[in-house]
Amino acid sequence: MRFAGKTIVVTGSGKDRGLGQAILQRFADEGANCVVSDREIDDAAQAVAKELSDRGAPVATIACDVSSAAQCQALVQSAVDAFGGIDIFVNNAGIGFMMKPLLDVIPEDWDKVIAVNLSGAFYCTQAAAKAMVAAGKGGRIINIASQAAKTGFPHLPAYVSSKHGMVGLTRASAVELGAYRITVNAVCPNHVTTGLGAEQNAYFSKLLGFESVEAYLKNMAAKNPMGRPGLASDTAAACAWLASDDAFYVTGEAINVSGGEEMH
């Protein structure tokens, strides 16, 4: 119950089997008030909220398109209104399904990915930080980056660029917000088969010439020192540590959670 009485907001958390859901599950189990946020509070988001409530967590659902600065500000204000403040904010919303060769990417594709993955993280970081500074209690901001924040991958130029940019945002924010006892860190998981990950599996298994998605996943596991791809719970555990008192002196970091697949 490390987070009893604390409030966590996770963007992009309204999807079944998503990273955002897994992060909220971990914090719900440790006593946090949970804010489920996604572009729409649809049936899937309501189901996520109900499951968290069934775990005993106080839950609020707040719609937010993170590509809109105004909606990010409204999300933060609504969370403060619901629970009295924000202690932990996780920038998890992201687009990773727009997979095309570099030479085929059109400006609209590029703009959409950057607007959500990078600009959205900036808008939410700024809004959450202002609320944390005003409250005067410090806080934790955690950015869900990717192995693609450290290494280039084919057919994902906008995604890779946005995730590298998220690490830059993490470092710049940490430098300025440390004075307010607000830490800012990034978590960089390797491939996790969420709903989004399943789309990537189908695309890259075909691109790389595997006879099936299962063969592609088997090859992925064989190349990993720990013998398996990442799980959503691995990312959630890293977030829980970064949000805990044990990690108070850790800020500006981009932490690999990849089973040893990524080591820089």
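Helix α3 (residues 69-83) packs against helix α4 at an angle of about 35°, and their axes lie 9 Å apart. Helices here (H or I, at least four residues) and strands (E, at least two) are DSSP runs, numbered from the N terminus. Axes are lines fitted to C-alpha atoms, for helices over the stretch in contact, and angles run from 0 to 180 degrees between N-to-C directions. The model is predicted: local features need pLDDT of at least 70, side-chain atom pairs count only at pLDDT 80 or more, and totals for chains, interfaces and linings use all residues. Residues are numbered from 1 along each chain as its sequence is written, and side-chain values use heavy atoms, with hydrogens and water left out.

The crossing of α3 and α4 is right-handed; a crossing is called left-handed if the near helix is turned anticlockwise from the far one by less than a right angle, and right-handed if clockwise. In this contact (heavy atoms within 4.5 Å), Ala69, Cys72, Gln73, Val76 and Val80 of α3 meet Gly120, Tyr123, Cys124, Ala127, Ala128 and Ala131 of α4. These residues divide into 9 nonpolar, 2 polar and no charged. In this classification Ala, Val, Leu, Ile, Met, Phe, Trp, Tyr, Cys and Pro count as nonpolar, Asp, Glu, Lys and Arg as charged, and the others, Gly among them, as polar.

Helix α4 (residues 107-135) also meets helix α5 (residues 157-177), where the axes come within 8 Å and cross at roughly 15°. That angle makes α4 roughly parallel to α5; angles under 35 degrees count as roughly parallel, over 145 as roughly antiparallel, 65 to 115 as roughly perpendicular and the rest as oblique. Here, too, the crossing is right-handed. The residues in contact include Trp110, Leu118 and Phe122 of α4 and Tyr159, Met166 and Leu169 of α5. By class, this contact has 13 nonpolar, 6 polar and 1 charged residues.

A further pair consists of helix α1 (residues 19-29) and helix α2 (residues 43-54), whose axes come within 10 Å and cross at roughly 20°. The two helices are therefore roughly parallel to each other, and their crossing is right-handed. Gln21, Leu24, Gln25 and Ala28 of α1 make the contact with Val48, Glu51 and Leu52 of α2.

The strands can now be considered. Strands of a sheet pair through backbone hydrogen bonds, either parallel or antiparallel. In this model 7 strands form an open sheet with parallel pairing, in the order β3-β2-β1-β4-β5-β6-β7; two strands pair if DSSP finds at least two bridges between them. At the edges stand β3 (59-63) and β7 (254-257), each of which pairs on one side only. Neighbouring strands of the sheet are turned by 20° against each other on average, direction ignored.

Within the sheet, strand β5 (residues 139-144) runs parallel to strand β6 (residues 182-189), and 6 bridges join them. Gly139 stands opposite Ile182 in β6. Helix α8 (residues 232-243) packs on the sheet and touches β4 (88-91), β5, β6 and β7; its direction makes about 155° with that of β5.

Finally, the protein as a whole has 8 helices and 7 strands. Its radius of gyration, taken over C-alpha atoms, is 18 Å, close to the 18 Å that the globule rule gives for 264 residues, so the protein is as compact as a globular protein of that length. The globule rule is 2.2 Å times the number of residues to the power 0.38.
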